[in-house]
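Subject: Structure handover

Hi,

Here is the structure I promised to pass on. Please open it next to this email and follow along.

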Amino acid sequence: MNKNKLLPDIWRSLLATLPVTVRRQVFFKIKKLLSQSVKSSQNKGLSGKPQTNVPQNQHWHTWWRTWFANHPLPEPDFQHPLFNASPAFLTAIDKSGKILAMNDTMLRKLGYSRREVIGRDYLSQFVPESDRDVLAQIFQKLSQKNETTQNCNRVLTKNGQELLVQWHGKPIYDPQSQQILYFFGLGIDITEKERAEDEVHLLQKIIHQVSETNHWEDTLKISLRLICEFTGWDFGEAWLPVPGRNQLEYATAWYDRNSRRLSDGNAPMWEHLAEFHRLSTQFCFLPGQGLPGRVWISQQPEWIRNVSTASSLEFHRQALASQCGFKASFGVPVLKNGQVLAVLVFFTVSYQEEDTRLLKLISSVALQLGGVFQRQQAEANYRHIFENAVEGIFQTTFDGRYIGANPSLAAIYGYDSPEQLMAELTNIGEQLYVNPQRRQEFIQLLEKHNVVSDFESQIYCRDGSIIWISEFARGVRDARGQLLYYEGSVVDITQRKHSEEQLRYYACHDSLTGLVNRDRFMEKLDEAIQALQAQQISGLAVLFLDLDRFKYVNDSLGHYIGDRLLQELSQRLRNCLRIGDTLARFGGDEFTIVATEISDLRQAIAIAVRIQDTLNHPFPLEGHEVFARASIGIACSVGKTCSPACQPEDFLREADTALYYAKNQGKNGYAVFDETMRLVAMRRLQLETDLGRALANQEFQLYYQPIVELTTHRIAGFEALLRWQNLQQEWISPAEFIPVAEEMGIIEPLGEWVLQEACQQLYRWQQYDPSLTMSVNLSSKQLMPELVDGVDRILKTTAIDGQSLKLEITETVLMSDIERAIAILNELKKRQISLCIDDFGTGYCSLNYLHRFPFDVVKIDRSFVSAIATNSRHGKILPAIVSLARNLQMQAIAEGIESLPQVRQLQKLQCRYGQGYFFYKPMPAQVVENLLNATIAKES
């Protein structure tokens, strides 16, 4: 069924004049309202009276037709929902031009209430003056002909804006008298549509005109003019960033739309604007400064409603703008790839609230200008490149003749001019390429892809010399796809090729020694492993060599001598190898060797022996004779199965483990890896892992061994001894974990914890006996200037007197840096702390150094105590040590006392103090506490 037939003739004729989409919108709006009316009027008619003549099951189409038959338009109900709900403008105007009705849609768009428009003259209030005569003529024609008319005119809103409306009007007659009752109009607001079309036209016009210029300033001038003409704004200007100066300066591009108008003072406005332009050129804006600077830094458009009343901070040129009569202003950035290329600023002499749509439009224009700038820049760059290209540019025929060349190409090939090149070089394939097949390969690639890039070849120059070139070319074809010629460019890459060769060399060689480097060594080792797995070689061995005490060469003689030593050493190592062996500098003073065809372990050992033999001879370097010693670790495949999973890292790790073992055995030796070393290495790794968290987990404990007075057996003090029971309840020997802690760098916090804990314990025990002392051992890593501050802090927090603390240092610790050790010990002595030299007689300390160190106590090593009852040389040393200590006014404490005869011998020697299992074993703090309690109880 044709739904339009359901409507009376007037509605149908008006709907027929509308566009299809609008017609559907109006129709379905009416349909929705009528459907709702049917539901709410089952028991009550639209007039509010009972409506019993409409059956309950009557279809709404039938009801609609009945309703329209009872409500003809000549006597319309302008308050009915159908009238007010229409999305189109609906209005009724009597013959005198007065408004009889206006629907809600039109009222809302124009900004009026119904009371403000009913009875008002339509032409004078709602039509711009310039359109009134035309519209009056349209009403005159409608009065004479009973037909629908269509026209498009502007309608004024309450705030003075203009809407463009497409009207469909028809006179409505009285059925009896045939006199015109009123004019009925249905209008569609096409303002946005027309504006959108105008905006598209503006964008197209700008792009078209600026595409004809190659200069950025001209592009800006054209854009400013077209924007001002389109928007009706009076003045446009541009601000450009100054390269390297971080500021905006006034561009030469500007536009004045009002140059022919007169200002209120009867002076040509263009004179004011010319002055505004001239003075503006004296301004510059930093980022964030003024309107241009703010737009520049924010990269967003900004609107100012009235620049004449703005503050000077908001608008720097406020006085100038006020003189010219400017009011509203806005700025828009021209962007490309996140960079501001220019800031466009516009002015008008009228107040303008911010127009979001206008800002979006000009921003779109600015975005297009950014693309234009990029194109212009690319074109300028291309022209510059072509005119000043260092690359050779050519055009050639299919059969290998040059039809075009630039001077650079002639220079690359050794010709005096392009003309000479084209005259003499007539067969590219045979005359140019060293390998004649390259021309054919070049043509085949072009035929297949139409473009060839990075085509590298060796060619003959005019003088017969050979160089490397890289070509880029493409086929140029006509509209039918037929090949016309080839064009492209040539770059001389001879130097690059030489550099690449050098880079390839240095990528796999050490620059100092010329040996293979770590990466290349790993590749060679991997190749050897694969050969072994394929049974192409009988076996292989990896030797890992590390110089002993190489750091001292650098520190004493300088890095230059150190480098020279590495160079000379590399040459000697080469002479120790067999043909086919690979020597590499692995890093620093480390060297590695992969030896193939090793069928017997003795062959690998022989290489290590030859190396150590050659190192027995000094290296004469710059007037110095330098000896170099090395430790060597060996990993060998002999007697093992090299599984497919075997990796170079496996051999290297085994050799490194053996090297570590060799160093621990006294250096200047070699060691062959075995599974025992693996277990030791794994034990060490686990030890390091556990040790790293042991302090935080509170796994450490202090045991205390009493130091007794030998004549009375009275406890005079204690030595704090560190013990470690890990989370697996395993007791770890200090001899095992202390060196590891020193290497890991955690001995400092661990030593501080020991000192803190021991002093706290001493404070509690001095409540039993104030004369008790506490001895604490120091590691070599602790003997640093920071130690003094740490001791001060601990003495303060534990309230221990310095005289109660004894710090024990071994001879080895002292000899690593004698002067520093003396300075630190003197600082400790200022705190009244007693200093003990531990294990005296087992280290390297001479009597001269012993005299210089401010020691108070000598602790005699257990090895001398155990030999006291013998006639051995050790047994005769102990009396000398006791006598030496007495002569130096130092106390002597004997360690490791295990028998009564030893006690009696020490008493005879007048050694006052001692400690050992004969008296007490080291014990936990609680056991010591019980011992002190028992002692007090016994004495009392």
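In which strand is the place of S329? S329 sits in strand β10, residues 329–336. Helices (H or I, at least four residues) and strands (E, at least two) are DSSP runs, numbered from the N terminus.

Before more detail, two notes on the source. This is a predicted model, in which local features need pLDDT of at least 70 and side-chain atom pairs count only at pLDDT 80 or more, while totals for chains, interfaces and linings use all residues. Residues are numbered from 1 along each chain as its sequence is written, and side-chain values use heavy atoms, with hydrogens and water left out.

**Overall**

The protein has 35 helices and 32 strands. Of its 940 residues, 45% are buried. Buried means under 20% relative accessible area, exposed means over 50%, and partly exposed is in between (1.4 Å probe, protein chains only). Now take the contacts with a separation of 6 or more: residues 24 or more positions apart account for 60% of them. Contact means heavy atoms within 4.5 Å.

S329 counts as buried because its relative accessibility is 0%. A polar atom of its side chain lies 2.9 Å from the backbone oxygen of F346. Leaving out residues up to four places away in sequence, S329 touches W233, L291, E302, W303, I304, V307, V345, F346 and F347.

Next, S308. Look in the loop between β9 (302–304) and α13 (318–323). S308 has 14% relative accessibility, so this residue counts as buried too. The side chain of S308 makes a polar contact with the side chain of N306, at 2.5 Å. A polar contact is a pair of N or O atoms within 3.5 Å; within protein, one must be able to donate a hydrogen and the other to accept it, and residues adjacent in sequence count only if both atoms are side-chain atoms. Not counting residues up to four places away in sequence, S308 touches Q318, S322, F326 and K327.

Then S899. S899 is in the loop between β31 (891–894) and α34 (900–908). Its relative accessible area is 23%, so S899 is partly exposed. S899 and Y917 are 18 residues apart in sequence and 8.3 Å apart in space, C-alpha to C-alpha.

**A five-stranded sheet**

Five strands form an open sheet. Their order is β13-β12-β16-β15-β14, and the pairing is antiparallel. Two strands pair if DSSP finds at least two bridges between them. The edge strands are β13 (402–405) and β14 (451–460), and each pairs on one side only. From one strand to the next, the twist averages 30°.

Look at β14 and β15 (residues 466–477). They pair in the antiparallel sense over eight bridges. Y460 has I466 of β15 as its bridge partner. E456 stands opposite S470 in β15. The two strands form a hairpin with five residues between them. In the turn, G464 has a positive phi of about 90°.

Helix α19 (residues 494–507) lies across β14, β15 and β16, running at about 120° to β15. Axes are lines fitted to C-alpha atoms, for helices over the stretch in contact, and angles run from 0 to 180 degrees between N-to-C directions.

**A helix pair**

How do α24 (residues 648–664) and α25 (residues 675–694) pack? They pack at an angle of about 80°, with their axes 10 Å apart. That makes α24 roughly perpendicular to α25. Angles of 65 to 115 degrees count as roughly perpendicular, under 35 as roughly parallel, over 145 as roughly antiparallel, and the rest as oblique. On α24, the contact uses E654, T657, A658, Y660 and Y661. On α25, it uses M677, R678, A681 and R684.

**Positive phi**

Most residues other than glycine have a negative phi. N246 has a positive phi of about 55° although it is not a glycine. N246 is in the loop between β6 (235–241) and β7 (248–256). E597 is not a glycine either, and its phi is a positive value near 55°. Find E597 in the loop between β19 (590–596) and α23 (601–614). E597 is partly exposed, with a relative accessible area of 39%.

Best wishes
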